[in-house]
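Subject: The structure I promised you

Hi! Have a look at it first, then read on.

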Amino acid sequence: MGVVAVAVAVAVMPAAAQATSREFGEMVDHVITLPVDGEHHLWDTFWAARSNETGVHHAQDIMADKMTPVVAAASGTIRLVNWSSRPDDLNPERCCTIVLRHDDGWESWYIHLNNDTPGTDDGKGWGIAEGIVPGVHVDAGQLIGWVGDSGNAESTAPHVHFELRDPAGVVVNPYAALRAAGANAPAPSDAVLAGVRVLRQGMRGADVERLQQLLAAEGLDPGPVDGIFGRRTDRAVRAFQRDHGLTVDGIVGSATRGALRRVAPAEGPVFDRILRKGSIGNDVRAVQSMLKAAGFDPGPVDAVFGGKTLLAVLAFQEANGLSVDGLVGPKTLAALGA
Ligand SMILES: [Zn+2]
């Protein structure tokens with residue numbers, strides 16, 4: 001009997017463990033409801049550098065006007081409001097954040113909710129819907145709060161900082177899940193570095209081709225750059241892993257991706273959209289640097305098109321005889337020397 005029990009345990013445990021063993025930053029096809037109900041946009045900023053414990057942003061910033069409704073990404077129970085688990089003490093001085101534990105064990109975090117009286121920036125408002133306190137159950141899509149700029153977002157354009165954790169507490173990149181939920185967000189520009197999926201021998205696709213390019217650029221031999229992860233690509237991945245002191249398993253997961261990200265040539269900004277207040281991305285960062293170089297003050301060069309960047313754009317347009325509309329399109333870019 002003892003032998004049978006052990007055999008069952010061995011057979012079952014790896015599958016059970018695998019069900020929750022996602023990697024930090026992995027994009028997941030977990031189904032969620034779009035957490036903002038209104039006009040919005042986002043850009044994949046999961047891996048943007050930040051001085052926090054992970055060193056990266058590890059969330060998505062959903063840019064939207066203040067007071068845009070924020071809704072539950074899934075049915076679940078409110079776990080924390082303003083980092084408090086006590087319905088009778090909601091830490092008003094830490095307004096306004098919500099942590100929602102989904103019924104399926106996942107968790108979503110909503111940060112920088114509104115803290116202003118509508119129409120002002122006075123920090124005297126409350127961006128959490130009535131009745132939303134720890135312990136309360138909500139349905140997917142139910143109103144839980146409103147977009148704002150509270151916490152350390154006071155100097156940026158209003159947005160919801162949205163984090164998604166799996167049942168084991170692993171922070172995943174919710175970008176693909178948000179896109180699948182209908183978010184207004186462009187396709188990831190680099191599927192390998194963004195971590196859309198874990199790559200291994202036998203897989204095919206544009207991301208495999210990109211991986212082969214990165215390996216070849218490192219002087220390794222992945223075989224033909226054909227999008228097919230065969231034996232030579234596997235060998236090149238293992239050589240890369242050996243060179244970087246990683247586990248040599250031929251699997252391109254978060255550790256290998258992290259090393260690839262460090263060696264990959266920095267991607268130049270691609271200007272393929274009109275930038276405006278609320279835009280966020282490398283293209284905004286480049287515009288902010290160019291404004292600065294031209295003698296205008298866009299505020300911090302932080303890739304977020306906020307109020308200061310808008311004023312700098314308006315001043316630049318005025319000074320250069322352009323239409324003073326605050327929109328950075330081809331004409332303004334040309335004048336900036338992009
Ligand atoms: Zn954020």
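On average the protein gets a pLDDT of 87, and 91% of the residues score at least 70; pLDDT is the predictor's confidence in each residue, from 0 to 100. As that tells you, this is a predicted model: local features need pLDDT of at least 70, side-chain atom pairs count only at pLDDT 80 or more, and totals for chains, interfaces and linings use all residues. Residues are numbered from 1 along each chain as its sequence is written.

One stretch to treat separately is residues 1–18, where pLDDT stays under 50 and the model has zero contacts beyond four places in sequence. Two residues are in contact if their C-beta atoms, placed from the backbone, lie within 7 Å.

Now the overall picture. The protein has nine helices and nine strands. Those are DSSP runs numbered from the N terminus: helices are H or I with at least four residues, strands are E with at least two. The C-alpha atoms fill a box of roughly 75 × 55 × 30 Å along the principal axes. The domain assignment (bounds from an automatic or database assignment) gives domain 1 (60–188), domain 2 (192–263) and domain 3 (282–336). Between the centres of domain 1 and domain 3, taken over C-alpha atoms, there are 30 Å.

How much of the protein is buried? Buried residues make up 38% of its 338 residues. A residue is buried if 20 or more other C-beta atoms lie within 10 Å of its own, exposed if 12 or fewer, and partly exposed in between, with C-beta atoms placed from the backbone.

The largest nonpolar core has 74 residues, and Val70 and Ile98 have the most contacts inside it. Helix α7 (residues 282–293) gives this core its largest share, five residues. (A nonpolar core is a set of buried Ala, Val, Leu, Ile, Met, Phe, Trp, Tyr and Cys residues joined through C-beta atoms within 7 Å.) Leaving aside neighbours within four places in sequence, Ile98 touches several residues, including Ile78, Tyr110 and Ile144.

Also in helix α7 is Ala286. Ala286 counts as buried because 20 other C-beta atoms lie within 10 Å.

Last, strand β1 (residues 60–63) is covered on both faces: Gln60 and Ile62 on one side, Asp61 and Met63 on the other, are all buried. β1 pairs with strand β8 (residues 159–165) in the antiparallel sense over four bridges; strands pair if DSSP finds at least two bridges between them. Find Met63, and opposite it in β8 you'll see His159.

Cheers!
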